[in-house]
Amino acid sequence: MVATVEPRVVPARALLRWAVGLSLPAAVAVSVAAGAGYGVGQNLLRSGGNEPQFQIAQDAAAELTAGADPAAVASGPQVDLATSLAVEVTVLDDDGAVLASTGRLDGAPVRPPSGALDAARTHEPNVVTWQPRHDVRLAAVIAAYGSPRTGTVVVARSLRVVEEQESRLLALVALGWVGGLVATGVASVAGAWLLAPRRRSEAW
């Protein structure tokens with residue numbers, strides 16, 4: 001007696017059901033990994049957008065506390081916040097009025113909302129994303145100064161480059177995610193076919 005093995009004959013509906021069952025855990029894992037990867041990368045890029053503002057703000061606050069003139073601390077070329085990538089420094093008094101500033105938007109200095117300034121007095125320094133105009137987003141670090149504290153210093157820089165990097169990161173992660181799902185689908189179909197039962201018959 002010779003045993004022969006017939007080729008697999010698997011209904012397409014059953015094969016699809018098995019493939020979906022095999023692919024679901026892997027697809028979830030790929031999606032979670034892609035989301036986590038983007039989240040970590042985006043957080044690192046955004047955190048990097050706070051440099052060198054963090055150091056400048058703390059140094060400026062120390063100088064102002066020691067009695068430095070606000071105009072001397074916020075000195076240098078004027079920075080157009082709508083177009084420039086340079087760092088701007090703004091010194092404000094305890095009421096939020098601008099004492100000196102290198103930043104300009106539409107030809108005038110700007111200041112963050114009062115809530116952001118108040119937060120710097122209790123949670124120093126206060127790191128915020130500041131949007132003084134709908135098309136202008138800034139990474140700002142706000143530090144309080146004075147002894148007792150008599151004001152705040154705001155150091156900000158455009159987030160344009162960071163946002164461009166975030167867009168590229170998102171595109172790469174999305175491409176990797178789609179590629180991972182396609183690979184998972186192909187592997188699941190192959191696995192379903194390999195695991196399909198054989199039909200056996202005997203021939204004399």
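## Basis of the model

Because the model is predicted, local features need pLDDT of at least 70 and side-chain atom pairs count only at pLDDT 80 or more, while totals for chains, interfaces and linings use all residues. Residues are numbered from 1 along each chain as its sequence is written, and side-chain values use heavy atoms, with hydrogens and water left out.

## Overall fold

The protein contains 5 helices and 9 strands. These elements are DSSP runs numbered from the N terminus: helices are H or I runs of at least four residues, and strands are E runs of at least two. Their order from the N terminus is β-α-α-α-β-β-β-β-α-β-β-β-α-β.

Of the 204 residues, 32% are buried. Buried means under 20% relative accessible area, exposed means over 50%, and partly exposed lies in between (1.4 Å probe, protein chains only). Among contacts with a separation of 6 or more, 63% join residues 24 or more positions apart; a contact means heavy atoms within 4.5 Å. The protein exposes about 11,600 Å², of which carbon and sulfur atoms supply 62%. Accessible areas come from the Shrake-Rupley method with a 1.4 Å probe, and for residues only the protein chains shown count as cover.

Strand S3 (residues 88-93) and strand S4 (residues 98-101) run antiparallel and are joined by 3 bridges. Two strands pair if DSSP finds at least two bridges between them. Leu92 stands opposite Val98 in S4. The hairpin has 4 residues between its strands, and Gly96 in the turn has a positive phi of about 90 degrees.

Ser188 lies in helix H5 (residues 160-195). Ser188 counts as buried because its relative accessibility is 5%. Its side chain reaches the backbone oxygen of Thr184 at 2.7 Å. Leaving aside residues up to four places away in sequence, Ser188 touches Ala19, Leu22 and Ser23.

Leu22 also belongs to a nonpolar surface patch with Trp193, Leu194 and Leu195, and together these residues have about 440 Å² of accessible area. Patches consist of residues with over 30% relative accessible area and no salt bridge; like charges are joined within 9 Å, and nonpolar side chains (Val, Leu, Ile, Met, Phe, Trp, Tyr) within 5 Å. A salt bridge is a side-chain nitrogen of Lys or Arg within 4 Å of a carboxyl oxygen of Asp or Glu. H5 gives the most to the patch, with 3 residues. Trp193 is in helix H5, and Trp193 counts as partly exposed because its relative accessibility is 41%.

Terms used:
Polar contact = N/O pair within 3.5 Å; in protein donor to acceptor, adjacent residues only side chain to side chain.
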